[in-house]
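Hi everyone, and thanks for coming. Please have a look at the sequence and the model on the screen, and then we will walk through them together.

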Amino acid sequence: MTREECGRQRYEVRYVIRAILDARGLSMAELGRRIGVTAEAVSATVLGKRHSPRVLEALRREGVPEECLFDPRKTRDKAA
(Lines give C-alpha, C1' and ligand atoms only; values in the text may rest on other atoms or scores of the structure.)
Protein backbone atom coordinates (compact mmCIF):
# COMPACT_ATOMS: atom_id res chain seq x y z
CA MET A 1 0.00 0.00 0.00
CA THR A 2 1.38 3.40 -0.93
CA ARG A 3 1.56 6.26 1.53
CA GLU A 4 -1.21 8.04 -0.38
CA GLU A 5 -3.49 4.98 -0.25
CA CYS A 6 -2.83 4.60 3.47
CA GLY A 7 -3.67 8.27 4.08
CA ARG A 8 -6.91 7.97 2.08
CA GLN A 9 -7.92 4.85 4.00
CA ARG A 10 -7.31 6.58 7.33
CA TYR A 11 -9.32 9.58 6.14
CA GLU A 12 -12.28 7.41 5.15
CA VAL A 13 -12.18 5.21 8.25
CA ARG A 14 -12.57 8.17 10.59
CA TYR A 15 -16.13 8.59 9.35
CA VAL A 16 -16.89 4.97 10.18
CA ILE A 17 -15.51 5.47 13.69
CA ARG A 18 -17.46 8.70 14.16
CA ALA A 19 -20.67 6.99 13.02
CA ILE A 20 -20.14 4.20 15.56
CA LEU A 21 -19.50 6.70 18.35
CA ASP A 22 -22.50 8.81 17.27
CA ALA A 23 -24.73 5.72 17.39
CA ARG A 24 -23.66 5.28 21.02
CA GLY A 25 -24.23 8.94 21.81
CA LEU A 26 -20.51 9.65 22.18
CA SER A 27 -18.30 12.34 20.73
CA MET A 28 -14.54 11.97 20.52
CA ALA A 29 -14.28 14.61 23.25
CA GLU A 30 -16.62 12.65 25.54
CA LEU A 31 -14.73 9.42 24.89
CA GLY A 32 -11.53 11.23 25.80
CA ARG A 33 -13.03 12.57 29.03
CA ARG A 34 -14.20 9.10 30.00
CA ILE A 35 -10.76 7.57 29.59
CA GLY A 36 -8.73 10.54 30.83
CA VAL A 37 -7.17 11.82 27.60
CA THR A 38 -7.74 14.91 25.48
CA ALA A 39 -10.06 15.09 22.49
CA GLU A 40 -6.94 15.79 20.43
CA ALA A 41 -5.41 12.48 21.55
CA VAL A 42 -8.56 10.63 20.48
CA SER A 43 -8.67 12.43 17.13
CA ALA A 44 -4.96 11.82 16.44
CA THR A 45 -5.38 8.13 17.25
CA VAL A 46 -8.45 7.85 15.00
CA LEU A 47 -6.46 9.45 12.17
CA GLY A 48 -3.50 7.13 12.77
CA LYS A 49 -1.14 9.97 13.65
CA ARG A 50 -0.75 8.68 17.22
CA HIS A 51 -1.22 5.25 18.63
CA SER A 52 -2.57 5.63 22.14
CA PRO A 53 -3.19 2.16 23.57
CA ARG A 54 -5.77 3.66 25.96
CA VAL A 55 -7.73 5.22 23.09
CA LEU A 56 -7.45 2.13 20.90
CA GLU A 57 -8.80 -0.08 23.69
CA ALA A 58 -11.67 2.34 24.37
CA LEU A 59 -12.60 2.34 20.68
CA ARG A 60 -12.58 -1.46 20.67
CA ARG A 61 -14.90 -1.49 23.70
CA GLU A 62 -17.27 0.83 21.82
CA GLY A 63 -17.47 -1.68 18.97
CA VAL A 64 -15.09 -0.19 16.42
CA PRO A 65 -13.97 -3.05 14.13
CA GLU A 66 -10.29 -3.95 14.26
CA GLU A 67 -9.86 -3.18 10.55
CA CYS A 68 -10.75 0.46 11.29
CA LEU A 69 -8.00 0.85 13.89
CA PHE A 70 -4.36 1.60 13.18
CA ASP A 71 -2.57 -0.25 15.94
CA PRO A 72 1.15 -0.78 15.26
CA ARG A 73 1.23 -3.41 18.02
CA LYS A 74 -1.14 -5.57 15.97
CA THR A 75 0.81 -4.98 12.75
CA ARG A 76 4.02 -5.97 14.50
CA ASP A 77 2.35 -9.13 15.82
CA LYS A 78 1.26 -10.11 12.30
CA ALA A 79 4.76 -9.54 10.88
CA ALA A 80 6.38 -11.83 13.45
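Let me start with a question: which residue with a positive phi follows α3? That is Gly-48, and its phi is near 80°.

Before going on, a word about what you are looking at. This is a predicted model, where local features need pLDDT of at least 70, side-chain atom pairs count only at pLDDT 80 or more, and totals for chains, interfaces and linings use all residues. Residues are numbered from 1 along each chain as its sequence is written, and side-chain values use heavy atoms, with hydrogens and water left out.

Now the overall picture. The protein chain has five helices and zero strands, and along the sequence the pattern reads α-α-α-α-α. By helices I mean DSSP runs of H or I with at least four residues, while strands are E runs of at least two, numbered from the N terminus.

How about size? The C-alpha trace spans about 35 × 25 × 20 Å along its principal axes. The radius of gyration of the protein chain is 12 Å, which agrees with a compact globule, because 80 residues would give a value near 12 Å. That radius is taken over C-alpha atoms, and the globule rule is 2.2 Å times the number of residues to the power 0.38.

Next, the inside. Of the 80 residues, 34% count as buried. Buried means under 20% relative accessible area, exposed means over 50%, and partly exposed is in between, with a 1.4 Å probe and protein chains only.

The largest nonpolar core has 18 residues, and Ile-17, Leu-21, Leu-31, Leu-59 and Val-64 touch the most other members. Here α1 (3-23), α2 (28-35), α3 (39-46) and α4 (53-61) each supply at least two residues of this core. A nonpolar core is a set of buried Ala, Val, Leu, Ile, Met, Phe, Trp, Tyr and Cys residues joined through side-chain atoms within 4.5 Å.

Take Ile-17 as an example. Not counting residues up to four places away in sequence, Ile-17 touches Val-46, Leu-59, Val-64, Cys-68 and Leu-69. Contact, by the way, means heavy atoms within 4.5 Å.

Let us go back to α3. Its buried residues are Ala-41, Val-42, Ala-44, Thr-45 and Val-46, and they pack against α1, α2 and α4. Is Thr-45 buried or exposed? Thr-45 counts as buried because its relative accessibility is 2%. Leaving aside neighbours within four places in sequence, Thr-45 is in contact with Arg-50, His-51, Ser-52, Val-55 and Leu-56.

On to α4, where Val-55, Leu-56, Ala-58, Leu-59 and Arg-60 are buried. Pro-53 lies in this helix too, but Pro-53 is partly exposed, with a relative accessible area of 41%. Arg-54, another residue of α4, has 46% relative accessibility, so Arg-54 counts as partly exposed. Which residues does Arg-54 touch, if we do not count those up to four places away in sequence? They are Ile-35, Gly-36 and Val-37. Between the C-alpha atoms of Arg-54 and Tyr-15, 39 residues apart along the chain, the separation is 20 Å.

And what follows α4? The answer is Gly-63, with a positive phi near 95°.

That is my tour, and I am happy to go back to any part of it on the screen.
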